[in-house]
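I open this entry to keep a record of what I look up in the structure shown below.

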Amino acid sequence: MPTFKVPSEILLSLATPPVLLFLLGSKAVAELAQELGQASEEIFRGDRLPVLNLPPRSTDPTHADNL
């Protein structure tokens with residue numbers, strides 16, 4: 001039975017595109033994750049939240065159980 005050997009240059013050239021696509025894809029995913037993190041920080045910034053008008057807290061110890 002004859003054996004067919006594939007030259008290593010051909011194997012290397014076939015393996016290069018998937019590796020490059022993986023590197024580009026992982027870079028894109030990392031940038032997306034960073035942008036999502038920054039967007040979520042913007043959501044929780046204090047200057048964009050509404051001001052809540054709460055009644056002042058009483059310093060009277062008899063009203064401490066109402067907190």
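How far apart are the end C-alpha atoms of α1, and what span should its 36 residues have at 1.5 Å a residue? I keep in mind that this is a predicted model. I find the end C-alpha atoms 52 Å apart, and this agrees with the 52 Å that the 36 residues of α1 should span.

I then looked up the secondary structure of the chain, which comes to one helix and zero strands. Within α1 I noted a kink of about 25° at Thr16, shortly before the proline Pro17.

Turning to burial, I read that buried residues make up 0% of the 67 residues in the chain. The chain exposes about 6,800 Å², and I noted that carbon and sulfur atoms supply 67% of that area.

I next looked up a nonpolar surface patch of about 550 Å², to which Phe4, Val6, Ile10, Leu11 and Leu14 contribute. I placed Val6 in the segment before α1, the helix that runs 8-43. I recorded Val6 as partly exposed because its relative accessible area is 41%, a value between the 20% and 50% cut-offs.

Technical notes. Residues are numbered from 1 along each chain as its sequence is written. This is a predicted model: local features need pLDDT of at least 70, side-chain atom pairs count only at pLDDT 80 or more; totals for chains, interfaces and linings use all residues. Side-chain values use heavy atoms; hydrogens and water are left out. Helices (H or I, at least four residues) and strands (E, at least two) are DSSP runs, numbered from the N terminus. Buried means under 20% relative accessible area, exposed over 50%, partly exposed in between (1.4 Å probe, protein chains only). Accessible areas come from the Shrake-Rupley method with a 1.4 Å probe; for residues, only the protein chains shown count as cover. Patches are made of residues with over 30% relative accessible area and no salt bridge: like charges are joined within 9 Å, nonpolar side chains (Val, Leu, Ile, Met, Phe, Trp, Tyr) within 5 Å. A salt bridge is a side-chain nitrogen of Lys or Arg within 4 Å of a carboxyl oxygen of Asp or Glu. The expected span of a helix is 1.5 Å times one less than its number of residues. The bend at a residue is the angle between axes fitted to the seven residues ending there and the seven starting there.
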